[in-house]
Amino acid sequence: MLHPVLSGEEILEAVTSDKRYFNNTHNVELPLPDALNATSDNDLLAQIGYKPELKRRFNTIQVFGVAYSIMGVLPSVASILNHGLLAGPAGAIWGWLISSALTFTIGLAMSENASFQPTSGGLYYWTNYYAPARFKTVISYVVGNTNSIALVGALCSVDYGFAQELLSIVVIATDGDFEVTPAKTYGVFAACVVAHIALTCLSSKNCATLQTTSTIWNTGLVILFIIAMPIAASRGEFQKASWVFGEFDNLTNYPMGWNQLSQAWLPAIWAIGSFDSCVHMSEECTNATKTVPIGILGAIGTCGILGFVLLIVTCFCIQNPDIENHILGSKFGQPMAQIIYDAFETVPGQGKGMAIAMMALIAIGQFLMGGSILTAMSRQIFAFARDNGLPMSWWIKKVNQKLSVPIHAVFTGGAAAIVVGLLCIIGDAASSALFTLYVAGNYFAWGMPTFLRLLSMKEKFRPGPFFLGEFWSRVNGWVSTCFITFTIVMVMFPTNLNPTKDTMNYTCVITPGVWILSLIYYKVYAHKVYHGPAKTVAVPGEGSSDESEVERVRQEVEGKGSVRSY
């Protein structure tokens with residue numbers, strides 16, 4: 001197929017609009033992936049441009065389990081409950097329901113992209129594919145870098161939550177005679193990350209089995225909580241339904257409306273996250289075009305429903321309705337720990353022991369969450385390094401073939417988490433930024449490919465097995481894009497209208513800082529080595545994929561502004 005003499009950028013646009021695309025590293029033309037007619041997962045991966053390096057050992061349940069385990073419904077609700085209750089019990093409950101439904105729209109849009117082009121580096125890969133030729137490389141680089149760092153933030157926030165929960169158990173066991181300091185919290189956090197590095201370096205088969213274990217554990221934990229808490233609280237006094245479903249408070253100095261739109265929505269936004277982990281497991285699962293969408297939507301839907309039920313049970317079982325002083329101001333440092341303690345305290349002699357036991361079970365669930373996050377994060381880091389998007393990519397992208405694990409990517413992600421986690425030592429304000437860094441960064445990475453797809457849907461998108469149809473796909477895409485934009489702005493705001501250095505939300509500095517530094521690094525160095533998704537398979541009919549040949553093609557496209565028939 002011959003094209004007229006055009007600039008390199010115009011050629012890329014022309015080729016893309018003609019239902020074919022350029023792999024932007026070598027500028028070698030590949031057929032547009034055909035998810036519906038691919039003969040196998042590896043055949044489709046080859047069409048996308050990559051040779052398989054990881055064994056496909058994850059089934060549908062285990063891919064679902066990665067995302068579901070990361071969400072860890074009860075541990076997540078326990079970690080972030082202090083934000084939701086700032087809007088009162090009703091605000092927390094209805095805020096969860098609304099924001100989880102809106103989060104589902106993000107999952108629907110992501111599932112459509114994943115069903116079309118399932119690859120471990122999906123978010124930045126799709127961004128590169130849909131973006132205008134002039135900007136695709138730099139935008140995909142920022143998305144890939146942001147997604148990688150946001151997943152580091154996710155691991156930090158989960159393991160920091162584990163450290164808080166573990167130390168709250170110590171406080172309960174010592175009847176409050178134990179001081180929780182930032183240094184102690186960081187020490188537990190760092191030890192947890194090291195343990196996760198060791199766990200994730202097990203073979204991919206063992207990692208897959210771990211997802212099944214984590215799924216069973218977290219589900220059993222929810223069932224246990226839903227049964228045990230009402231039984232214990234029945235000896236005391238349940239809160240009235242009018243209070244649980246109708247008590248909207250404002251424990252901030254923001255206007256009531258903004259408090260309900262921000263703090264009330266944040267628990268679900270934080271808890272129902274990292275479902276892009278299913279995308280990052282695309283090259284290790286069977287029947288990826290269907291398995292990945294099932295994993296994404298199944299995890300979001302299950303977590304949304306269970307979280308809604310959990311919040312209702314929790315609020316009914318609150319023994320002391322003084323949210324501000326008794327629950328949020330708990331000496332245990334964890335609102336959920338106080339609620340559990342109060343409920344079991346109604347059973348003579350059982351309050352302390354049962355609270356410790358329940359919090360220990362929650363902490364184990366939180367620990368399993370961290371293992372799943374590092375598994376998914378390492379695959380994103382591996383994919384981005386495979387495309388030369390990271391410093392020392394040549395080392396990071398290496399895969400241990402025997403274990404089928406990108407061990408160097410695991411080490412890189414874990415080490416980055418330990419460094420970023422130093423924010424914990426600064427104080428609560430800085431550590432809280434770990435929660436919202438993960439939200440803002442991931443939402444940006446999730447939203448960009450969907451937004452760009454909406455702008456060029458007719459020219460570049462070919463549906464996979466999962467597709468809403470052109471009309472509903474567009475409607476859902478725009479709803480999710482608007483929600484993502486709102487969320488990114490919302491999580492930048494501090495909890496207090498007049499913040500001090502101790503109550504400031506440093507996300508407004510950290511997350512834009514990541515974007516700015518990514519652009520600077522790209523301009524100074526990365527543009528020399530990162531040119532978008534790299535071609536690691538030979539094109540059918542092209543013969544050898546020798547570097548000298550692909551370099552000649554690249555120079556012909558970028559230098560002469562013309563392209564030959566291939």
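**Notebook: cavities, a nonpolar patch and one loop glycine**

My rule: on a 1 Å grid over the protein atoms alone, a cavity is a set of points where a 1.4 Å probe fits but cannot get out. Grid points are joined across faces, edges and corners, and a volume is the space filled by probe spheres set on the points.

The model is predicted: local features need pLDDT of at least 70, side-chain atom pairs count only at pLDDT 80 or more, and totals for chains, interfaces and linings use all residues. Residues are numbered from 1 along each chain as its sequence is written, and side-chain values use heavy atoms, with hydrogens and water left out.

**Largest cavity.** I got a volume of about 70 Å³ for the largest cavity. Its lining has 13 residues; lining residues have an atom within 4 Å of a point. Nearest the centre I found Ile70, Val158, Trp270, Met369 and Tyr438. Four helices each supply at least two lining residues: α3 (60-71), α7 (136-173), α12 (266-271) and α17 (351-386). Helix α7 gives the most, with 3 residues. Helices (H or I, at least four residues) and strands (E, at least two) are DSSP runs, numbered from the N terminus.

**Whole chain.** I listed 25 helices and 2 strands. Of the 566 residues, 58% are buried. Buried means under 20% relative accessible area, exposed over 50%, partly exposed in between (1.4 Å probe, protein chains only). I then took contacts (heavy atoms within 4.5 Å). Among those with a separation of 6 or more, 80% join residues 24 or more positions apart. The accessible surface comes to about 20500 Å², and 65% of it belongs to carbon and sulfur atoms. Areas come from the Shrake-Rupley method with a 1.4 Å probe; for residues, only the protein chains shown count as cover.

**Nonpolar patch.** I found a surface patch of about 420 Å² made by Trp94, Leu97, Ile98, Phe248 and Met256. Patch residues have over 30% relative accessible area and no salt bridge, and nonpolar side chains (Val, Leu, Ile, Met, Phe, Trp, Tyr) are joined within 5 Å. A salt bridge is a side-chain nitrogen of Lys or Arg within 4 Å of a carboxyl oxygen of Asp or Glu. Helix α5 (residues 88-116) supplies the largest share, 3 residues. I placed Trp94 in α5. Trp94 is partly exposed, at 31% relative accessible area.

**Gly176.** I looked up the loop between α7 and α8 (182-200), where Gly176 lies. Gly176 counts as partly exposed, at 36% relative accessibility. Its C-alpha atom is 7.1 Å from that of Phe332, 156 residues apart along the chain.

Methods:
Patches are made of residues with over 30% relative accessible area and no salt bridge: like charges are joined within 9 Å, nonpolar side chains (Val, Leu, Ile, Met, Phe, Trp, Tyr) within 5 Å. On a 1 Å grid over the protein atoms alone, a cavity is a set of points where a 1.4 Å probe fits but cannot get out, and a pocket is an open set with protein on both sides within 12 Å along at least five of seven lines; lining residues have an atom within 4 Å of a point.
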